[in-house]
Amino acid sequence: MSDRSHQLVEVSCGLCGADAPQPLGWLEDTRYGTLPHPVQLVACRVCGFRYLTPQPQPGSEALFYPAGYDPYRRTGWTAAARRLLLRREVRLLWPYLAPPRRVLEIGCATGELLLIIRAAGNPFVSGIEPDPAAAQIALRYGLDVQVGTLETLPLPSASFDTVLLQHVLEHLPEPGRALARVAALLRPGGTLVLWLPNGDSWAARCFGSAWMGYDPPRHRSVFTPATLRRACAQVGLEIVAVHHEWHGLEWAWGLRLLARAKGWRRTEHVLARLHFAAIVATTPIAIAAALARRSGRLRVLARKRVPGS
């Protein structure tokens, strides 16, 4: 754990570059316990973007992603429920995913979403994934997946019709640069599909530092619809749709993490055993939040502007 403290470095704003942080609070890694000490959530006084400081320095990320990290090990009903949700997403997004569109997923993990798109009828899918073990699983399924990142892989500009970032943007150290790179990869008129936490949500206010959307230090930042819209506009992307998810996952996890943070072990154990029931029970709250446009989980569509339009 002491080695990890040397891998945390102070950072400036990942959108505008300003070093003018306004402290908002302290966060701990309640979920996995990888942090040697709390880190600070701050808001940039220049652009309003919220981010963590200190953060893991480049090259040290593996220290903060334990072997049990969820996207790499889902099994049982959790995996089945996720596949159902992803199939629904693919059906809803099919106009942006149908062949002959070339689709790239950034941070594709084991390729679960790409497999569903391919099975639905589009073979022109590819992905990039920084974790070699996760990428190897995707390769075993016959997917076109490269190991690396947006910064390290020489992907050709204007070569994709749709780019997917499924709960990835908040993990990146420089999200502004990442969005600029994504915009360069898209053809004019192409679509970026983003799934990400919403810092301006009821759940974030209700659970505070125990909100699952913070997940420090793996989540380095948290967007709001306003800061995301500004960030996209700066790189030539126009947000055309924002969908507020309505299932109770973040509320069920929020209750568990809050109990864990308070040291209520028996309560947390009961909530863990009843996790699926808690998701169902809290879905009405999630629906109300979605109707008020205050859900903690967003799906955002942004279109690359066509020159002269």
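Let's start with Leu228, which touches Leu169, Leu194, Leu196, Phe223, Ile239 and Val300, leaving aside residues up to four places away in sequence (contact means heavy atoms within 4.5 Å). The model is predicted, so local features need pLDDT of at least 70 and side-chain atom pairs count only at pLDDT 80 or more, while totals for chains, interfaces and linings use all residues. Residues are numbered from 1 along each chain as its sequence is written, and side-chain values use heavy atoms, with hydrogens and water left out.

Leu228 is also one of the residues that touch the most other members of the largest nonpolar core, together with Ile106, Val163, Leu165, Leu169 and Leu192; this core has 37 residues. A nonpolar core is a set of buried Ala, Val, Leu, Ile, Met, Phe, Trp, Tyr and Cys residues joined through side-chain atoms within 4.5 Å; buried means under 20% relative accessible area, exposed over 50%, and partly exposed in between (1.4 Å probe, protein chains only). Among the elements that give two or more residues to it are strand S9 (160–166), helix H6 (175–185), strand S10 (186–197) and helix H8 (225–234). H6 gives the most, with 5 residues. Helices (H or I, at least four residues) and strands (E, at least two) are DSSP runs, numbered from the N terminus.

## A four-stranded sheet

In an open sheet, 4 strands follow the order S2-S3-S4-S11 with antiparallel pairing. The edge strands, S2 (21–27) and S11 (221–222), each pair on one side only. Two strands pair if DSSP finds at least two bridges between them; S3 and S4 (residues 50–53) have 4. Gln40 has Thr53 in S4 as its bridge partner.

## An aromatic cluster

Phe49, Tyr51 and Phe223 form one aromatic cluster. Rings of Phe, Tyr and Trp (its six-membered ring) pair if their centres lie within 6.5 Å; planes under 30 degrees apart count as stacked, over 60 as edge-to-face and the rest as tilted. Phe49 is buried, with a relative accessible area of 1%, and Tyr51 is buried, also at 1%. The ring centres of Phe49 and Phe223 are 4.8 Å apart and the planes stand at 55 degrees, so this pair is tilted. Because Phe49 lies in the loop between S3 and S4 and Phe223 in the loop between S11 and H8, the pair ties together parts 174 residues apart in sequence.
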